[in-house]
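Begin where the chains meet, then take each chain in turn.

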Amino acid sequence: MSRILIVARNTFREAVRDRVLYNLVFFALLMIASAVIVGQISMDIETIVMVSLGLSAISLIGLLIAVFTGVGLVSKEIDKRTLHAVLAKPLRRWEFLLGKFTGLVLTLTVNTAAMGAGLFLAMWYVKHSIARGDTVVLVAVYFILLKLTLVVALAMMFSCFTSPLLAILFTGGLYVAGLFVAQLRSLQVTQMSSHTQKFFAILSYLLPNFGNYDVMGAAAHGRAIPRVLMLHNTLYTALYCAIVLSVAAIIFSRKDLK
Amino acid sequence: MTAPAIETQNLTKEYPYGFLHLKRKTSLENLTMEVADGEVFGLLGPNGAGKSTTIKLLMGIIFPTAGNAQILGKPVSDVSMRRDIGYLPEQPYFYDYLTAAEVLHYFARFHGFSAAERKERVQKMLQKVGLETAGRIQLRKFSKGMLQRVGLAQAILHDPKLVILDEPMSGLDPVGRREVRDIILELKNAGKTILFSTHILPDAETLCDRVGVIAGGQLRGVGAPGSIVGVKSLGMEIVFELTGSGPQFEAIRAKAAKSGANYRMNAGEAELYAVLAELREGGAKIISVTQIKPTLEDFFMELVGKDRSRAAAIEVSGQ
């Protein structure tokens with residue numbers, strides 16, 4: 001088995017044994033309660049409410065896991081010194097880092113897929129049927145997973161050179177800033193100096209564009225999501241993660257462990 | 001001639017400290033040493049001397065400020081060389097959500113063993129370190145001594161050519177220490193090269209072919225435990241029995257020290273026979289005559305003492 005997969009497998013096992021997936025119980029309870037309450041509504045908006053609520057919960061729960069577990073992936077290993085014995089094996093530091101990343105993304109995939117299935121069950125309970133058009137919800141769930149993957153990469157990178165608390169703050173801050181990239185690009189430029197214009201233009205392309213992943217409105221209303229956006233978001237996530245993880249690997253490869 | 005198993009040249013490690021990291025503290029200074037193939041080498045020194053820093057530098061856990069090191073003829077940055085190295089960190093920590101067997105399986109996977117071979121090796125190692133009945137218990141329930149045993153098992157699981165052990169006896173009870181000592185001797189007999197750090201001097205005297213003493217980040221001496229302290233005799237110790245009473249007995253008792261039911265007296269080598277004759281005339285029964293040699297502990301304490309007095313002098317002079 002590849003060394004990256006060995007680390008990934010163990011990271012997944014760690015998440016399972018540390019009861020990270022217990023959040024699914026909370027999500028299930030939320031979906032059951034929502035389905036029962038929304039089921040009483042007869043204004044043709046029950047699907048919209050259900051989908052919006054479900055996708056928001058999947059996103060929020062996923063974000064909490066991605067940020068907190070993502071930051072702890074490396075920093076916990078350094079603090080507890082579990083890394084010392086691992087790095088004495090024929091394993092490169094970047095392989096370890098990539099293994100941890102893959103393991104957490106695998107955990108989030110399982111978690112998000114389970115929550116997505118829960119959402120479909122709740123929709124079925126409310127509508128008594130699942131239509132072909134509902135597959136757009138699947139795309140929204142996929143976009144959430146892509147977003148979480150990028151958040152994990154950022155959290156890992158920050159945790160490679162700063163304290164866990166600062167890494168959480170930096171990741172959270174970058175996530176919030178990344179939600180407003182579109183607004184940053186459409187700022188009224190006439191009131192700015194050319195330098196400021198350039199600065200904001202560059203910044204808007206450097207920041208991770210988390211707004212791209214938000215298709216909750218389209219999913220709730222059953223509007224189709226263009227295939228080109230799916231391809232764009234997939235490639236964007238892959239490229240951005242590759243850059244962020246490369247930076248993380250360079251920093252981590254030169255880091256003195258305590 | 002076989003290349004040394006470990007070789008360092010002017011290995012130096014400085015740590016920045018202070019608010020802006022502008023000040024620097026030297027943990028290890030110009031360490032140049034060699035550990036020969038098949039040798040058991042003990043790295044001795046008090047806490048904070050630089051032993052663990054040396055080992056961490058060798059294992060690539062930290063990076064040198066200056067100098068370089070080779071293990072088995074390859075630079076320490078070469079990951080492939082780690083196939084032939086076993087390492088026990090100081091106060092080892094492992095994933096506490098795993099069982100002892102799972103931890104060993106996890107580490108064994110990095111060496112590419114087949115499932116059957118892995119299973120066999122893990123079983124064998126658990127048995128070797130006395131954990132065969134605790135293999136299915138999560139490490140969070142393990143004592144410090146048990147974790148040390150797991151650490152030792154993972155270090156030798158893949159039958160490495162070189163074993164590096166950082167304070168292997170730490171946290172162990174006398175039985176555990178004896179078992180670890182036996183494992184080190186077993187590895188030595190199998191022709192493995194062993195480097196271990198310790199501040200338990202009798203262990204070093206028993207196990208090591210050579211020792212290196214580190215104090216204040218500097219290597220102060222290297223050699224066989226006997227030769228490093230010098231072969232010069234410090235005199236002779238005579239143990240004798242003295243049961244009679246009277247002025248002649250009292251005169252001898254006044255010169256001797258009581259040692260249990262017997263008496264002890266030190267004499268220079270030149271005056272030994274005269275003292276023995278005097279004792280015999282005084283009615284003493286000689287039990288033993290032993291040459292007094294400085295121990296590794298004496299050497300160690302002298303070095304550490306010098307270091308402390310020098311540190312105090314620097315502090316007083318404000319340098």
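In this predicted model, the contact between the chains draws 23 residues from chain B and 21 residues from chain A. On chain B, three elements each supply at least two residues of the side that touches chain A: β6 (85–88), α2 (100–109) and α4 (144–156). The largest share comes from α2(B), with three residues. By class, this side of chain B has 16 nonpolar, four polar and three charged residues.

Now take chain A. Its secondary structure has 11 helices and zero strands. Read from the N terminus, the order of elements is α-α-α-α-α-α-α-α-α-α-α. How compact is chain A for its 258 residues? Its radius of gyration is 20 Å, close to the 18 Å that the globule rule gives for 258 residues, so chain A is as compact as a globular protein of that length. Along its principal axes, the C-alpha trace of chain A spans about 60 × 55 × 30 Å. Of the 258 residues in chain A, 38% are buried.

Turn to chain B. Its secondary structure comes to 10 helices and 14 strands. The radius of gyration of chain B is 25 Å, well over the 20 Å that the globule rule gives for 319 residues, so chain B is more spread out than a compact globule. The C-alpha trace of chain B spans about 80 × 55 × 45 Å along its principal axes. Buried residues account for 37% of the 319 residues in chain B. Take the contacts in chain B between residues at least 6 apart in sequence: 72% of them join residues at least 24 apart.

How is chain B divided into domains? The domain assignment gives domain 1 (6–224) and domain 2 (236–291). The C-alpha centres of these two domains of chain B lie 48 Å apart.

Next, look at the strands of chain B. Four of them form an open sheet in the order β2-β1-β4-β5, with antiparallel pairing. Which strands of this sheet stand at the edges? They are β2 (23–35) and β5 (74–75) of chain B. Each has a single partner strand, so one side of each is left without a neighbour in the sheet. At the β5 end, follow the pairing with β4. Strand β4 (residues 66–71) of chain B is joined to β5(B) by two bridges, and the two run antiparallel.

Strand β9 (residues 210–215) and strand β10 (residues 218–223) of chain B run antiparallel and are joined by five bridges. What do β9(B) and β10(B) form? They make a hairpin, with two residues between the strands. In the turn, B:Gly216 has a positive phi of about 60°.

Chain A has zero strands, whereas chain B has 14 strands. Chain A is as compact as a globular protein of its length, whereas chain B is more spread out than a compact globule.

Conventions: Residues numbered from 1 in each chain as written. Chains lettered and ligands numbered in written order. Predicted model: local features only at pLDDT ≥ 70, side-chain atom pairs only at ≥ 80, totals over all residues. Pairing = 2+ DSSP bridges. Helix = DSSP H or I, 4+ residues; strand = E, 2+ residues; numbered from the N terminus. Domains from an automatic or database assignment. Rg over C-alpha atoms; globule rule 2.2 N^0.38 Å. Buried ≥ 20, exposed ≤ 12 C-beta atoms within 10 Å, placed from the backbone. Contact = placed C-beta atoms within 7 Å. Nonpolar A, V, L, I, M, F, W, Y, C, P; charged D, E, K, R; others polar.
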